[in-house]
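Subject: Handing over the structure

Hello,

Here is the structure I promised to pass on to you. Please open it first, and then read on for what turned up in it.

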Amino acid sequence: MISVAACCAFAGSAFAAMNKDEYKTQKAEIEATYKADKKGCGMKANSKDVCNAEAKAKEKVARAELEASYKPSPGADAKVREAKADADYDVAKERCEDLKGKEQSACKVEANSAHEKATHEKAKGEVKAAKTEAKAENKAAMGNSPSTTTPNTTTAGQKK
């Protein structure tokens, strides 16, 4: 029952999915962009680390989005949201390294809080989607179940 519903739910988006050649081309473009971005990080100290973290974050999100385009599914969409949350967190943590003492601690707490909120929202969305799917399955099952009363019978089971 679930596979039938999932099949029908993604039938429209499956046609919009890219072919294998387009996937490989875009994957190579993402890798080239990452290398170019990383090469542009010629700064010193933590600025270079922040730049590298930003390049890696951009690549991670782009790869997740590519996978979601190539093989669309709720799981792929969830991975995109997770990649974005993780990327923001990684960059924020690296930026905190420029600070000292209490400012650095506060920065890291803020980064952790933002990451937890983003991942909590993701989990909350997944729970809501699962509940919606379960309701749809129950509704479909109820609509297809045989009637509990039989026609042409009385309460004692005798024919009219």
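Which residues make up the largest nonpolar core? The largest nonpolar core has 10 residues, namely Ala53, Ala57, Val61, Ala64, Ala68, Ala76, Val80, Ala83, Ala87 and Val91. A nonpolar core here is a set of buried Ala, Val, Leu, Ile, Met, Phe, Trp, Tyr and Cys residues joined through side-chain atoms within 4.5 Å. Helices α3 and α4 each supply at least two residues of this core.

The model is predicted, so to speak of local features a pLDDT of at least 70 is needed and side-chain atom pairs count only at pLDDT 80 or more, while totals for chains, interfaces and linings use all residues. Residues are numbered from 1 along each chain as its sequence is written, and side-chain values use heavy atoms, with hydrogens and water left out.

The overall picture

The protein chain has five helices and zero strands, and from the N terminus on its elements run α-α-α-α-α. Helices (H or I, at least four residues) and strands (E, at least two) are DSSP runs, numbered from the N terminus. Of the 160 residues in the protein chain, 21% are buried. Buried means under 20% relative accessible area, exposed means over 50%, and partly exposed lies in between (1.4 Å probe, protein chains only). The accessible surface of the chain comes to about 11700 Å², and 56% of that belongs to carbon and sulfur atoms; these areas come from the Shrake-Rupley method with a 1.4 Å probe, and for residues only the protein chains shown count as cover. Among contacts in the chain with a separation of 6 or more, 59% are between residues 24 or more positions apart.

Salt bridges

How many salt bridges does a search of the whole structure find? The search finds eight, where a salt bridge is a side-chain nitrogen of Lys or Arg within 4 Å of a carboxyl oxygen of Asp or Glu.

One of them joins the side chains of Asp37 and Lys58 (3.2 Å, N to O). Asp37 lies in helix α2 (residues 20–39) and Lys58 in helix α3 (residues 45–70), so this pair ties together parts that are 21 residues apart in sequence. Asp37 is partly exposed, at 26% relative accessible area, and Lys58 is partly exposed at 48%.

Another salt bridge links Lys56 and Glu59 (3.1 Å, N to O). Both residues lie in helix α3, three residues apart, about one turn of the helix. Is Glu59 buried or exposed? Glu59 is buried, with a relative accessible area of 7%, whereas Lys56 is partly exposed at 44%. Leaving aside neighbours within four places in sequence, Glu59 is in contact with Ile30 and Tyr34.

The side chains of Lys60 and Asp86 also meet in a salt bridge (3.7 Å, N to O). Lys60 lies in helix α3 and Asp86 in helix α4 (residues 74–96), so the pair ties together parts that are 26 residues apart in sequence. Lys60 is partly exposed, at 35% relative accessible area, and Asp86 is buried at 17%. Salt bridges that share partners join Glu31, Lys56, Glu59 and Arg63 into one network. Asp86 touches Lys60 and His115, not counting residues up to four places away in sequence.

Best wishes

Key. Contact means heavy atoms within 4.5 Å.
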